[in-house]
Each structure stands twice: as C-alpha cells, then as structure tokens.
Amino acid sequence: MLSTAIMIPVPDVNSYITCPRCSSQVIARSNFCNFCGASLKPQPIVLKICPNCYSRITEKAHFCPECGEKQK
Ligand SMILES: [Zn+2]
Ligand SMILES: [Zn+2]
C-alpha cells in the first residue's frame, strides 16, 4: 500500500518560535502564524535589567530566566 503522506524533513527544534498571539510553535522563518495569522516579523526586543541579578532580560518576561525573580 502506497502512502500518500509527504515526507518533510523535520526542522531543527531551534528553528521554531512561539507565536506571540496564540502561543503555537511555528517555524521561525514564517512571516505569519499558520494557526492564527498573527504577523511574526521580527520585532525589536526591549531589554531590561533584572533588579535581583542584573541580567538582561526581555521586557515582557514575567520571571527572570537567570535567577527566577518575579518581574513586575
Ligand atoms: Zn498564532
Ligand atoms: Zn534575575
């Protein structure tokens, strides 16, 4: 029996990004999310300094990825 499935090479895990709108995993090269249609064009990342460990973290982070400090 022939399979009609098309074999697609599995992209590297690192080539996935998380959609900012629906949190789906989408391929990083995509311009739009294939789940919700949100624009995925690279946007400038605003960094701030963690008040606890002084690491540079993204402004939207809820917790510091370095020390786990809860962010405002
Ligand atoms: Zn989406
Ligand atoms: Zn920190």
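Biologist: Where is the place of Tyr 54?

Modeller: This is a predicted model. In it, strand 3 covers 47-49 and strand 4 covers 56-58. The place of Tyr 54 is in the loop between strand 3 and strand 4.

Biologist: What is the phi of Tyr 54?

Modeller: Most residues other than glycine have a negative phi. Tyr 54 is not a glycine, yet its phi is positive, at about 65 degrees.

Biologist: Which loop holds Ser 23, and what is the phi of Ser 23?

Modeller: Strand 1 spans 16-18 and strand 2 spans 25-27, and Ser 23 is found in the loop between them. Although Ser 23 is not a glycine, its phi is positive, with a value of about 65 degrees.

Biologist: How many C-beta neighbours inside 10 Å does Cys 19 have, and how is Cys 19 classed?

Modeller: Cys 19 is found in the loop between strand 1 and strand 2. A residue is buried at 20 or more other C-beta atoms within 10 Å, exposed at 12 or fewer, and partly exposed in between. Cys 19 has 19 C-beta neighbours inside 10 Å and therefore counts as partly exposed.

Biologist: Which residues does Cys 19 touch, not counting residues up to four places away in sequence?

Modeller: Phe 35 is 16 residues from Cys 19 along the chain, and their C-alpha atoms are separated by 8.8 Å. Phe 35 is one of the residues that Cys 19 touches. With residues up to four places away in sequence left out, the list is Ser 24, Val 26, Cys 33, Phe 35, Cys 36, Ala 38 and Leu 40.

Biologist: What pattern does the protein follow along the sequence?

Modeller: The protein has 0 helices and 4 strands. Read along the sequence, the pattern is β-β-β-β.

Biologist: What percentage of the residues in the protein is buried?

Modeller: The protein has 72 residues. Buried residues make up 6%.

Biologist: In which strand is confidence highest?

Modeller: The protein averages a pLDDT of 86, and 86% of the residues score at least 70. Confidence is lowest in strand 1, at a mean of 89. The highest value, 94, belongs to strand 3.

Technical notes. Residues numbered from 1 in each chain as written. Chains lettered and ligands numbered in written order. Predicted model: local features only at pLDDT ≥ 70, side-chain atom pairs only at ≥ 80, totals over all residues. Helix = DSSP H or I, 4+ residues; strand = E, 2+ residues; numbered from the N terminus. Contact = placed C-beta atoms within 7 Å. pLDDT = per-residue confidence, 0-100.
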